[in-house]
Amino acid sequence: MIRIEHLSKKFGDLVVLKDINTEIKRGEIVSIIGPSGTGKSTLLRCLNLLDYPSGGSIYIDGVNILDKKADVAKIRQKMNMVFQSFNLFSHLSVMENLTIAPIRLRGMSKEAARTKALELLRLVGLAEKAENYPEELSGGQQQRVAIARCLAMEPEIILFDEPTSALDPTMVREVLSVIRRLAREGITMAIVTHEMDFARDVSNRVLYMDEGLIFEEGTPDEIFENPQKDKTRAFINRTLSFTWRILSPDYDLYAMNAEIEAFCEKQILPKKTRYNLLLLIEELLQIYAPYLGKMILDMTIAYSEKSRRLDLICESTGEKANPLDSHGLTDDLGFTIIKNLTESIDYQWHNGKNRLEFQVKNLSHEE
Amino acid sequence: MNLQTRIENNVTVLTVSGRLDTVTAPEYEKNIREMISGGNIKFVVDFEQLEYISSAGLRGLLVMAKLLNEKSGRMCLANVKGNVRSVFDMCGFTSVFTMKDSVSEALAVFV
């Protein structure tokens, strides 16, 4: 139904979409997830030409909509968009919001448009609000009206741009349940969302966007249960990280400790875990000490809010060698402490770097 | 790290506060060497106010024990608890050093 090839979008010097390639088939429900500012909404806005792409092609039923001869108004009628901020006409009643476009753009009779509008308002559970004005409705109700208004144009595909982001948590569910209902009816949908459980339940396919690209895509099971790329995994697990780079043997241990403590405090990690993390880092730095100054060492603390897993990742440049095997310490005290503080230790030669990954023992239930 | 000393019944009571780590362990060792070469060979090391110890600190204690052994001296640790105690446990140091729950109990070892 929609095929996107090498789509790019720049705003001045800012490249928002680098090279997007994907396809949305008829009847498919595609969720687009990813961190803020990675181009998800821009992709949707490019699809219906609210933002004009800088390059590439978008084919809808085989027609390249970026072709100068393309009938943009006709193409737009095939797809409709639901916005984060509802975008209802505040001076028109709910009924008028739903009937204005079908009457003016599709030449529908007033009577037929009203009948259709009532049917759609029943679908979203708001028939009794037909004569109300948007300001008399809650945010969740306004968004349901916006969905009904979108359906009134009988689009072949609906683009949802973060439809629940502007809503109170109590209203999110009512909007999501309407979208779930549409999904069951087989309407093609592309949904930009931060509601991970919803994306997992409702979609046939999930696109993870990052760095202006579709970084990874797959079925909900593939993306949520077994993501292949580090960035996808970090996003899915709601992993927060902090990296400290060490370039010289004269690094400032206490400045580093202060930042690590601040990070731990932000994640509300128990005091004992903070102590152990600082100890683990100090012991590792003693192991790395002979090489500091000859290489770059990045120490990253990654904490998953979802699983409460705490990892320490040490990436160092230089020749392939596990620093734990080749350390020059005179005793095993440091290594003994490291083993005691960790659940697992994994060494890999990754992207030309020595990567040591430690899963720090989870002490979150001790305090 | 801060070190404070007092003499009780001919025993040097050394109170260590703060952190005994990579940064402070060299200073600890330097002070210990000076005290031992100055004739102090009986020590109670009080960890009541010690907040943090790493393997660097443990090595400092091993150096101290070795220097005292050479001079037929002795040391006893007091108030090794909490996170500091955990590090001792991990490294099996609880069996390496004589440890007591208070300074007075540690002083009694020398009677």
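In this predicted model, six strands of chain A come together in an open sheet, and reading across it gives the order β6-β7-β8-β3-β9-β10 (chain A), with mixed pairing. The strands at its edges are β6 (79-82) and β10 (213-218) of chain A; each has a single partner strand, so one side of each is left without a neighbour in the sheet. On average, and with direction ignored, neighbouring strands of this sheet are turned by 20° against each other. Within the sheet, strand β3 (residues 29-33) of chain A pairs in the parallel sense with strand β9 (residues 205-210) of chain A, over 4 bridges.

Another open sheet of chain A is built from 4 strands in the order β2-β1-β4-β5 (chain A), and here the pairing is antiparallel. Its edges are formed by β2 (14-24) and β5 (63-64) of chain A, and because each has a single partner strand, one side of each is left without a neighbour in the sheet. Strand β1 (residues 2-11) of chain A is joined to β2(A) by 7 bridges, the two running antiparallel. One landmark is I2(A), which has I24(A) as its bridge partner in β2(A). Helix α1 (residues 40-47) of chain A packs on this sheet, where it touches β1, β2 and β4 (55-60) of chain A, and its direction makes about 65° with that of β2(A).

Attention now turns to the nonpolar cores. The largest of them has 65 residues, and those with the most contacts inside it are I32(A), A148(A), L159(A) and A190(A). Helix α5 (residues 139-152) of chain A provides the largest share of this core, with 7 residues. Apart from it lies another core, of 56 residues, which includes L284(A), L297(A) and L356(A) as well as V11(B). As for I32(A), which residues does it touch, not counting those up to four places away in sequence? They are K40(A) and L43(A), then A190(A), I191(A) and V192(A), and finally L207(A) and M209(A).

Chain B has 111 residues, of which buried residues make up 36%. Its secondary structure comprises 4 helices and 6 strands, which follow the pattern β-β-α-β-β-α-β-α-β-α along the sequence. Among contacts in chain B with a separation of 6 or more, 74% are between residues 24 or more positions apart.

Where the chains meet, 12 residues of chain A are in contact with 12 residues of chain B. On the side of chain A that touches chain B, the elements giving two or more residues are α11 (271-288) and α12 (333-341) of chain A. The largest share of that side, 6 residues, comes from α11(A). Sorted by class, the side of chain A that touches chain B contains 5 nonpolar, 4 polar and 3 charged residues.

Just after α3(B) comes G92(B), which takes a positive phi of about 70°.

Note on methods
Residues numbered from 1 in each chain as written. Chains lettered and ligands numbered in written order. Predicted model: local features only at pLDDT ≥ 70, side-chain atom pairs only at ≥ 80, totals over all residues. Core = buried A, V, L, I, M, F, W, Y, C linked by C-beta atoms within 7 Å. Buried ≥ 20, exposed ≤ 12 C-beta atoms within 10 Å, placed from the backbone. Contact = placed C-beta atoms within 7 Å. Nonpolar A, V, L, I, M, F, W, Y, C, P; charged D, E, K, R; others polar. Pairing = 2+ DSSP bridges. Axes fitted to C-alpha atoms, helices over the stretch in contact; angles between N-to-C directions.
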